[in-house]
Amino acid sequence: MPEQRNVQCVHCQTLLAVAVSNQMVQIRCPKCGTLMNIPASSGSVGSIPDEFDFTRMPTTFEPAPGYVGPRPPVPQPSPTRQASPVWSSARQPTKRRGTPTWVILVIALVVMPIVFCGVGGIALLIYGAKRAAGTQVLEKGVDAVPLPDSFPELGPIEQTFPSGVKSHFVRMVGTDSVPGSQMTMRVYLPPGELAAQSLACVFITPAGTPLIHGTRVELGDDYHDETLPYAEAGMVVIQYSLDGAMTVGEEAGEWEYTRELQSAYRKFRDSGAGVINGRNAIEFAIQRLPMVDPKKFYTAGHSSAGNVSLLLAAYEPRVARCAAYAAAYDLEIRMSDMTSDANTRRLLPGIQDFVSQSSPLNHIADYRCPLWVFHATGDKNVPYQDAKTFVAKLNQATKRVTFYSAPGDHYGPMLDEGIPNAIAWFKE
């Protein structure tokens, strides 16, 4: 039974009603002539990529033969600059003057977006200008993004655990134009008397992202296995969200999923792959949690959260110790199939540089605090050899690193042996 679907032309933005069946169909836009591939109504989209799985790619669109509609200008290499000639006093022939440079710039920056996207083109320019500061975080550091104007109070108790640990949920209310200003946090406080500056504080973000978009922390969720043990060992724990969480799931169509991924990637990139979120969590602890000792700020995380833990330790000098369990240490190799794909590079601008800048292996020289690296020998997600290579390079650079391994796969050994031994290491 054909399914009625609304499709927007990728060139002229005309909204078309298309009947699709269980096979991909091609349609030509009646307004501009663009030829588009429309995915099947079912069975062609596939599933949302699992962690570090980049096999799902959006549908490509090809223009119709002979299409000459407006396109973005193709950058041309600048000609080699020549020295100005020395003219004689005799009058030289008058040369016809070309179009002034400023006119060309106005056409390229203002007129073309209007022609190409109408009012949306101008909106895109304005939006891009507002977001520009955040795109340079991994190059310029955390100071490239300002702190939020204020941090909320700790608030009421969300949950009390059998061990006596209490959790509080914190929601920051900011603006979309300031990375890290709308994050959420869950704060775990150990039982008993909490004297001023008496407790270590562990910063952890949820795992499960492919490191091209963020993840959320929601009120009432039960993601405690990787956070509660630290609080039960007498530490404050702050579990924090990462900008750019996806808001659509497997049920979304390919067009909707692609647009959502582009938006989520932009927010995640602008937050410095979560560095700004971690920085803000540290600032919150300083301003709102008098029981934490600012000399004992620790960061930890498993899998993709292990990457965020390592990256925060590289950029944030207030991190005193860092634990990473089963992280992906060399993102450039791990994500090479995705970053080398031309279609991906169009959809996710700057993805190659972003992956390079957020790869732990490229920050060996930046680690100032001791590191704890845990990896299971039978890990089928990230090879054990990758961890050994990463640790070897840390040792070559005379960095302080403790390497702990255990038999098993990607997840269980982290809970059974990784976290308990890291807690003992934190307390040394």
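A residue counts as buried when its relative accessible area is under 20%, as exposed when over 50%, and as partly exposed in between, with a 1.4 Å probe and protein chains only. By this definition, 46% of the 428 residues of the chain are buried. The structure is a predicted model, in which local features need pLDDT of at least 70, side-chain atom pairs count only at pLDDT 80 or more, and totals for chains, interfaces and linings use all residues. Residues are numbered from 1 along each chain as its sequence is written, and side-chain values use heavy atoms, with hydrogens and water left out.

**Confidence of the model**

- The predictor's confidence in each residue, from 0 to 100, is called pLDDT; its average over the chain is 80, and 70% of the residues score at least 70.
- Residues 42–99 have a pLDDT below 50, and this stretch has 77 contacts in the model beyond near neighbours in sequence; a contact means heavy atoms within 4.5 Å.
- Over residues 102–108 the pLDDT also stays under 50, and the model has six contacts for them beyond four places in sequence.

**Overall architecture**

- The chain contains 13 helices and 14 strands, where helices (H or I, at least four residues) and strands (E, at least two) are DSSP runs numbered from the N terminus.
- Among the contacts in the chain with a separation of 6 or more, 69% are between residues 24 or more positions apart.
- The accessible surface of the chain is about 21700 Å², and 54% of it belongs to carbon and sulfur atoms; such areas come from the Shrake-Rupley method with a 1.4 Å probe, and for residues only the protein chains shown count as cover.

**Helix α13**

- Helix α13 covers residues 412–426, and its 15 residues should span 21 Å at 1.5 Å a residue; the expected span is 1.5 Å times one less than the number of residues.
- The buried residues of α13 are P413, M414, G418, I419, A422, I423, W425 and F426.
- An α-helix has 3.6 residues a turn, so residues three or four places apart point the same way.

- Because 11 of its 14 residues are buried, α6 is largely enclosed by the rest of the structure.
- The buried residues of α6 include V275, R279, E283 and F284.
- For α7 (residues 304–315), the 12 residues should span 16 Å, and the end C-alpha atoms are 17 Å apart, which agrees.
- Helix α7 is mostly covered, as 12 of its 12 residues are buried; among them are S304, N307, L311 and Y315.

**Cysteines**

- A disulfide is a covalent bond between the sulfur atoms of two cysteines.
- Here a disulfide is identified as a pair of cysteine sulfur atoms within 2.5 Å, and the count by this rule comes to zero.
- The sulfur of C322 is 5.6 Å from the closest cysteine sulfur, in C369, and is therefore too far for a bond.
- C369 is likewise in no disulfide, the nearest cysteine sulfur being that of C322.
- Both residues are buried, with a relative accessible area of 0% for C322 and 6% for C369.

**Individual loop residues**

- Q197 is not a glycine, although it has a positive phi of about 50°.
- Q197 lies in the loop between β8 (184–189) and β9 (199–204), and it is exposed, with a relative accessible area of 51%.
- L211 also has a positive phi, of about 65°, without being a glycine.
- L211 is located in the loop between β9 and α4, and at 7% relative accessibility it counts as buried.
- P146 is placed in the loop between α3 (137–140) and β6 (157–160), and it counts as exposed at 51% relative accessibility.
- Not counting residues up to four places away in sequence, P146 touches V178 and R279.
- P146 and V178 are 32 residues apart along the chain, and their C-alpha atoms are separated by 7.7 Å.
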